[in-house]
Amino acid sequence: MKSSTHLFLFGSGPPFTPNLGEEFKRLAEGSKIAVLYIEREGSADYLPLYTDCLGISDSEIYYLPLRNEYSSEDLAALKESDAVIIGGGDTVLYRRFIVETSVGEVVRNLFEEGRPLAGFSAGALISPEECVISPNDNVQEIQLFEKGLGLLSGAVVSAHYLEWEEEVNLKAAVQKTDVAKGYGIAENSGVYLKNGRLSDIEGYIHIESHY
């Protein structure tokens with residue numbers, strides 16, 4: 001029997017919104033959680049924001065700094081995780097270090113096995129089959145269309161929807177990728193998709209329908 005899939009997407013960085021955090025915590029069952037992030041100045045102080053609301057001990061959190069290559073130990077530890085959190089930051093780099101890498105393959109397998117996955121900002125943007133990166137989010141300052149992780153089909157995602165005034169960009173993304181809908185997620189807001197279908201929302205979400 002195929003496992004249900006559980007995808008949580010947030011329009012900005014951590015923490016989880018209260019209700020979706022409780023839902024993620026219930027699905028993760030307080031077990032080992034992997035946090036995938038890009039190291040930068042202040043990371044050590046920032047990382048606990050992802051997991052503090054989940055009420056789990058530090059010993060149950062596996063922090064994996066993203067980079068070009070991963071060791072067998074990295075992958076083995078990730079495979080043992082019961083839930084995955086993909087952080088926010090430079091979306092272009094997150095996509096490069098995850099989507100078409102050994103880590104991306106492990107993350108997809110865990111997700112398909114029913115392990116909950118949460119993506120914050122960049123983590124949310126790379127989750128669908130089509131990763132659309134806003135002109136506000138890359139040095140070229142144009143809308144980029146790249147291959148995503150493939151955890152969500154038939155939809156694209158826009159983060160910081162209100163704050164970056166993404167209405168025009170989301171409409172363009174939905175039309176160009178020819179998907180059924182686009183989720184515009186404001187900061188401090190999120191969606192929970194069970195088996196690819198919208199199950200819960202918290203905060204401000206705009207749904208752009210194509211058909």
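Start by selecting Lys2, Thr5, Arg108, Phe111, Glu112, Gly150, Leu151, Leu152, Ser153, Asn195 and Gly196, which line the largest pocket. This is a predicted model, so read every stop on the tour as a feature of a prediction. The largest pocket holds about 170 Å³ of space. Colour its lining by class, and you get three nonpolar, five polar and three charged residues.

Keep Asn195, one of the residues lining the largest pocket. Asn195 sits in the loop between β10 and β11. Its backbone deserves a look: phi of Asn195 is near 55°, a positive value in a residue other than glycine. Most residues other than glycine have a negative phi. Is Asn195 buried, partly exposed or exposed? Asn195 counts as partly exposed, because its relative accessibility is 44%.

**Helix α1**

Next, select residues 18-28, helix α1. Highlight Leu20, Gly21, Phe24, Leu27 and Ala28, the buried residues of α1. They cover an arc of only 130° around the axis, so they sit on the same side of α1. Now turn to the other side of α1, where Pro18, Asn19 and Arg26 are exposed.

What do the buried residues of α1 pack against? Show the strands β1 (6-10), β2 (33-37), β4 (83-86), β5 (117-120), β10 and β11 (197-202), which are their packing partners. Then step just past α1 to Glu29, where phi is positive at about 55°.

Go back to the loop between β1 and α1, and pick Pro15. The peptide bond from Pro14 to Pro15 is cis, with omega near 10°. Most peptide bonds are trans.

**Ser189, inside**

Select Ser189, in the loop between β9 (181-185) and β10 (190-194). Ser189 has a relative accessible area of 3%, so it counts as buried. Which residues does Ser189 touch, leaving out those up to four places away in sequence? Show Leu9, Phe10, Gly11, Thr17, Glu202, Gly203, Tyr204 and Ile205.

**Ser72, outside**

For a contrast, move to Ser72, in helix α4 (residues 72-79). Ser72 counts as exposed, because its relative accessible area is 53%. Show side chains here: those of Ser72 and Glu73 are joined by a polar contact of 3.4 Å. Then draw a line from the C-alpha of Ser72 to the C-alpha of Ser102. These residues are 9.8 Å apart in space and 30 residues apart in sequence.

**Helix α8**

Select α8, residues 167-177. Its buried residues are Asn169, Leu170, Ala173, Val174 and Thr177. Look down the axis of α8: these buried residues fall within an arc of 135°, so they line one face of the helix. On the other side of α8, Val168, Gln175 and Lys176 are exposed.

Asp178 follows α8 and lies in the loop between α8 and β9. Asp178 is not a glycine, yet its phi is positive, at about 60°. Its relative accessible area is 47%, so Asp178 counts as partly exposed.

Rolling a probe the size of a water molecule over the atoms shows where empty space is left. How many cavities of 30 Å³ or more does the structure hold? There are two.

Stay with α8 for the largest cavity. Its lining takes at least two residues from each of β6 (130-133), β8 (155-159) and α8. The largest cavity has about 90 Å³ of space. Its lining is made of 13 residues, and Val132, Ser134, Val157, Ser158 and Glu166 lie nearest the centre. By class, this lining has eight nonpolar, four polar and one charged.

For the last stop, select Tyr37, Ile38, Arg40, Ser43, Tyr46, Leu47, Tyr50, Gly88 and Tyr94, which line the second largest cavity. The volume of the second largest cavity is about 60 Å³. Its lining divides into six nonpolar, two polar and one charged residues.

How values were computed. Residues are numbered from 1 along each chain as its sequence is written. This is a predicted model: local features need pLDDT of at least 70, side-chain atom pairs count only at pLDDT 80 or more; totals for chains, interfaces and linings use all residues. Side-chain values use heavy atoms; hydrogens and water are left out. On a 1 Å grid over the protein atoms alone, a cavity is a set of points where a 1.4 Å probe fits but cannot get out, and a pocket is an open set with protein on both sides within 12 Å along at least five of seven lines; lining residues have an atom within 4 Å of a point. Grid points are joined across faces, edges and corners, and a volume is the space filled by probe spheres set on the points. Helices (H or I, at least four residues) and strands (E, at least two) are DSSP runs, numbered from the N terminus. Ala, Val, Leu, Ile, Met, Phe, Trp, Tyr, Cys and Pro count as nonpolar, Asp, Glu, Lys and Arg as charged, and the others, Gly among them, as polar. Buried means under 20% relative accessible area, exposed over 50%, partly exposed in between (1.4 Å probe, protein chains only). A polar contact is a pair of N or O atoms within 3.5 Å; within protein, one must be able to donate a hydrogen and the other to accept it, and residues adjacent in sequence count only if both atoms are side-chain atoms. Contact means heavy atoms within 4.5 Å. The arc is that of the directions from the helix axis to the C-beta atoms.
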